[in-house]
Amino acid sequence: MKRQFIREILDVITADTISFAGGLPDADLFPLDAFKTAADRVLSEPASLQYSRSQGYAPLREKIAERYCAAGFETRAEEILITTGSQQAINLIALSMLPYGVTVELPAYLGALSAFRLAKVKTEGVALEHDGIAMTPLRRSIARTGAAYLIPDFQNPTGLRYSAAKRQAVAKAVLDADALLIEDAPYSELYFDHASLPISATMPERSFHLGSFSKILAPGLRVGWVRASEANLRRLLVVKEAIDLHTSTLDQRLIDAFWETEGLDRHLSSLRIHYRAKKNALSNALRTQLPDFVFDEPRGGMFLYGRLPGFDTKTLVNRCLERGVAFVPGSEFYPGTPALDELRLNFTHTDPAQMHRGVGLMADAYREQIVS
Ligand code: PMP
């Protein structure tokens, strides 16, 4: 496997670089004090350091199931498997459920492409439109692959959210083709206006719904989950047992204790408010300082994506790195023929004053490249 250019960009970033490149949550918003209290409680029980069940800590699975039910997606704790990040859920599905391949969005989430490549699962790309994936090519593609891996809420890298009509159309297409849906939803709770019902809710037997605590609590904990039918979960469980026996008992119990005492909603509301303000700061900086950049306003998530029409963003990123600002060129998110004039900006990690300066530096590099 080739090392990704994005990793090379992240490697050259120093403490002084203004980075729009990674996908890091804002560390200032980690609920450290509440986690300290939770850790005290959890570490008073020896079971927190013991081996535990492969499917995951039952009280945590129950809480996740209840949250699905409250959102209108009937779910039992038996239908939840805790995974070591949602990245592992993609690995498990790739290794056990995709004999013919999988259809992915273009541009695509790089981590999923790597997981599919590692498991030797063939991928076919279908372009994203403003309201979600293009339906005619999706139908044709899943007839061959039998599965679609989609991120309908605030996709990585595009930040795009599927419309209600497109969600319905996707569910119908997947069911008509007797295919599987892998709905990756790590950003779903980070909406700025309203929540959306998972597509999986309308097809619970033929879908995997992937969740994660990485973007809503802390990615260093490495805890995510899959919601699927019990029969499908059993197939993932066999693979999970072979890979890591179970996800860290301590990390699961920490999250459970945090959830038990604090709830999730207050923390989530605060994240939404902070991230919306940061998104606005970035979007305003772009409109005023780099007006040639064309983009859709994100409605949630962590990324803003757009185009500098006709312009090579891979050359631009090198000029930007010299000036101390980083982003990821869109070409990195295409497994085949890349789009050359797109780029992704993360808005959760950098503070608004730095954002303004960072966009200014990007604009300088852009002007320099135009005249040279
Ligand atoms: N899916 C998507 C779409 C992501 O953006 C990420 C993280 N960048 C992941 C899965 C993996 O997240 P984690 O393993 O931390 O839950």
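This is a predicted model: local features need pLDDT of at least 70, side-chain atom pairs count only at pLDDT 80 or more; totals for chains, interfaces and linings use all residues.

What about the annotation? The unreviewed UniProt entry marks residues 26-358 as "domain: Aminotransferase class I/classII large". That span is 42% helix and 16% strand, and its end C-alpha atoms lie 17 Å apart.

Now for the helix pairs. Here are two of them:

| Helix pair | Angle | Axis distance |
|---|---|---|
| α4 (residues 85-96) and α5 (residues 110-118) | about 30° | 9 Å |
| α10 (residues 265-289) and α12 (residues 352-371) | about 30° | 9 Å |

Take α4 and α5 to begin with. Their crossing is right-handed. On the α4 side, Gln87, Ile90, Asn91 and Ala94 make the contact, and they meet Gly111, Ala112, Ala115 and Phe116 of α5. By class, this contact has five nonpolar and three polar residues, with no charged ones.

Next come α10 and α12. Why do they count as roughly parallel? Angles under 35 degrees count as roughly parallel, and these two pack at about 30°, so α10 and α12 are roughly parallel to each other. α10 passes α12 in a right-handed crossing. From α10, the contact takes in Lys278, Ala281, Leu282, Ala285, Leu286 and Gln289; facing them in α12 are Pro352, Met355, His356, Val359, Gly360 and Ala363. The tally by class is eight nonpolar, three polar and one charged.

Finally, the backbone has some spots to look at. The peptide bond from Leu106 to Pro107 is cis, with omega near 0°, and Pro107 sits in the loop between β3 (102-106) and α5. Another cis peptide bond joins Asn156 and Pro157, where omega is about 20°. Pro157 is in the loop between β6 (147-150) and α7 (164-176).

And where is Lys120? Look in the loop between α5 and β4 (123-129). Lys120 is not a glycine, yet its phi is positive, at about 60°.

How values were computed:
Residues are numbered from 1 along each chain as its sequence is written. UniProt positions are given in the numbering used here, feature names are shortened, and annotations may be inferred rather than shown by experiment. Helices (H or I, at least four residues) and strands (E, at least two) are DSSP runs, numbered from the N terminus. Axes are lines fitted to C-alpha atoms, for helices over the stretch in contact, and angles run from 0 to 180 degrees between N-to-C directions. A crossing is left-handed if the near helix is turned anticlockwise from the far one by less than a right angle, and right-handed if clockwise. Two residues are in contact if their C-beta atoms, placed from the backbone, lie within 7 Å. Ala, Val, Leu, Ile, Met, Phe, Trp, Tyr, Cys and Pro count as nonpolar, Asp, Glu, Lys and Arg as charged, and the others, Gly among them, as polar. Angles under 35 degrees count as roughly parallel, over 145 as roughly antiparallel, 65 to 115 as roughly perpendicular and the rest as oblique.
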